[in-house]
Amino acid sequence: SKREIKMRKLDSTKVRPLKSEQLLRIQDHDFALRPGFGGSPIPVGIDVQVESIDSISEVDMDFTMTLYLRHYWKDERLSFHSNKNRSMTFDGRLIKKIWVPDVFFVHSKRSFIHDTTVENIMLRVYPDGNVLFSLRITVSAMCFMDFSRFPLDTQNCSLELESYAYNEDDLMLYWKHGNKSLSTDEHISLSQFFIEEFSASSGLAFYSSTGWYNRLFINFALRRHIFFFLLQSYFPAMLMVMLSWVSFWIDRRAVPARVSLGITTVLTMSTIMTGVSASMPQVSYIKAVDVYLWTSFLFVFLSVIEYAAVNYLTTIEERKQLKKRGKASGMYSIDAVQAMAFDGCFHDTDVDIDLPAFSDHCEENETRAHAASISNVDTTHLKRKRSLKGNVGRIILQNNHVIDTYSRIIFPSVYIVFNFFYWGLYI
């Protein structure tokens, strides 16, 4: 009646539909239901353009990627008449009023749609009901990494897409253009990784409560740049091992020099190992870098043990020589080895050292011996200087233990063989 029509016009609670909604006849349909409800599953095509890979985190075992996600499907309820057969483009405000696929990222930790300056959402509807729905998304997802070959490793990660509510009986996800559905920006680069390949694949996922679902995969392989770790870990470790070999060329009686060198190299290796472990996840298996650093640490540690053995055997040898000589005039016969213990200097075995120079404290009453010792000490220093000038190499070789001689050959040879097998195995 006329009265009811008048009351409808005066009802302020009714919102007049927008012109676009009138054209698409949104008010005439129930968009809570998928297109073709009750019939065959609706095909939804997907294509992805990867804008950037923002970060790869070994500690959190995840990656962050920014991409354009586009959906293609047909909803005849949105078809409209157009004389020029042109499509209509809308922003995100219309999305809440129509049906769109509920695609989500499997194993994602966090994700968001960019909203600067407005939400990065685009909806394009064609006269025959075909729909293009595009989003710009940044997503962080899990990547199950294997660090057994770190830092010589290659990691395979994947971003997985799936419908949350609709199983394969209601919705069929597929790559719109096959392998060409995945495209990447040519300028994508990472600081520690080289992107070897991008590929698209598909499969099925089963859930015991809800059934089978179509799942799409964005696969990419990342190969780690090794040069950074060569500079930060491998080269310093090599240098520390080589530095520990210097100990084999230092006189065996120079205890402070050889001990301090060994301790310094051991502590430096410990610092390198601690720095590498701090930037890595605490995994329960051995990594390739651990094998190299622990082996290098073992070489440095063995160089310290080598000198401990040399010093111990030298002490035993000197004691035996001292017992054979016996006692003469109430004191031991002192040679170059014992002389070093008194004055802290190396003495050539060819240099004659007068014993009274070291017995003055024991025979203070013998003034003649004291006077003779002063003149002999001066003569000894002159002879020592002349002997050291021409026979430095001979002195070092004659006063090295046989263990040092063998160590100069064995340690470098074994370390070279280890490096040969290590790089041959992991590269």
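Contact here means heavy atoms within 4.5 Å. By that criterion, and leaving aside neighbours within four places in sequence, Ser-244 is in contact with Thr-265, Val-300 and Ser-303. Ser-244 is placed in helix 3, which spans residues 227-245. Its relative accessibility is 1%, so Ser-244 counts as buried. The model is predicted.

An unreviewed UniProt entry annotates residues 226-247, 259-279, 291-310 and 409-426 as "transmembrane region". Residues 259-279 are 95% helix and 0% strand. The end C-alpha atoms of residues 259-279 are 31 Å apart. Residues 291-310 are 100% helix and 0% strand. For residues 291-310, the distance between the end C-alpha atoms is 28 Å.

The protein has 10 helices and 14 strands. It comprises 427 residues, of which 39% count as buried. Among contacts with a separation of 6 or more, 75% are between residues 24 or more positions apart.

Strand 1 covers residues 42-57 and runs parallel to strand 9, residues 171-175. The two are joined by 5 bridges. Within strand 9, Tyr-174 stands opposite Gly-45. Strand 1 also pairs in the parallel sense with strand 10, residues 182-184, over 3 bridges. Here Gln-49 has Ser-183 of strand 10 as its bridge partner. The pairing with strand 2, residues 62-74, is antiparallel and extends over 11 bridges. Ile-53 is bridged to Met-65 of strand 2. In general, strands of a sheet pair through backbone hydrogen bonds, either parallel or antiparallel.

Strands 1 and 2 form a hairpin with 4 residues between the strands. Met-61 lies in this loop. Its phi is near 55 degrees, a positive value in a residue other than glycine. Met-61 has 24% relative accessibility and therefore counts as partly exposed. His-107 is placed in the loop between strand 4 and strand 5. At 37% relative accessibility, His-107 counts as partly exposed.

A further sheet is open and has 4 strands in the order 4-8-12-11, with antiparallel pairing. Strand 4 (103-106) and strand 11 (193-207) stand at its edges. Each has a single partner strand, so one side of each is left without a neighbour in the sheet. Neighbouring strands of this sheet are turned by 25 degrees against each other on average, direction ignored. Inside the order, strand 8 runs antiparallel to strand 12, residues 211-224. These two strands are joined by 9 bridges. Phe-220 of strand 12 is the bridge partner of Cys-157.

Cys-157 also takes part in a covalent link. The structure holds 1 disulfide. It joins Cys-143 to Cys-157, with an S to S distance of 1.8 Å. Cys-143 lies in the loop between strand 7 (130-142) and strand 8 (154-163), and Cys-157 lies in strand 8, so the pair ties together parts that are 14 residues apart in sequence. The torsion about the S-S bond is -80 degrees, and the link is left-handed. Both Cys-143 and Cys-157 are buried.

The loop between strand 7 and strand 8 holds Pro-151 as well. A cis peptide bond joins Phe-150 to Pro-151, with omega about 0 degrees. Another cis peptide bond runs from Thr-116 to Thr-117, with omega near 0 degrees. Thr-117 is found in the loop between strand 5 (108-113) and strand 6 (121-125).

Technical notes:
Residues numbered from 1 in each chain as written. Predicted model: local features only at pLDDT ≥ 70, side-chain atom pairs only at ≥ 80, totals over all residues. Heavy atoms only, no water. Disulfide = S-S within 2.5 Å. Buried < 20%, exposed > 50% of the residue type's maximum accessible area, 1.4 Å probe, protein only. Pairing = 2+ DSSP bridges. Axes fitted to C-alpha atoms, helices over the stretch in contact; angles between N-to-C directions. UniProt positions renumbered as here; feature names shortened; annotations may be inferred.
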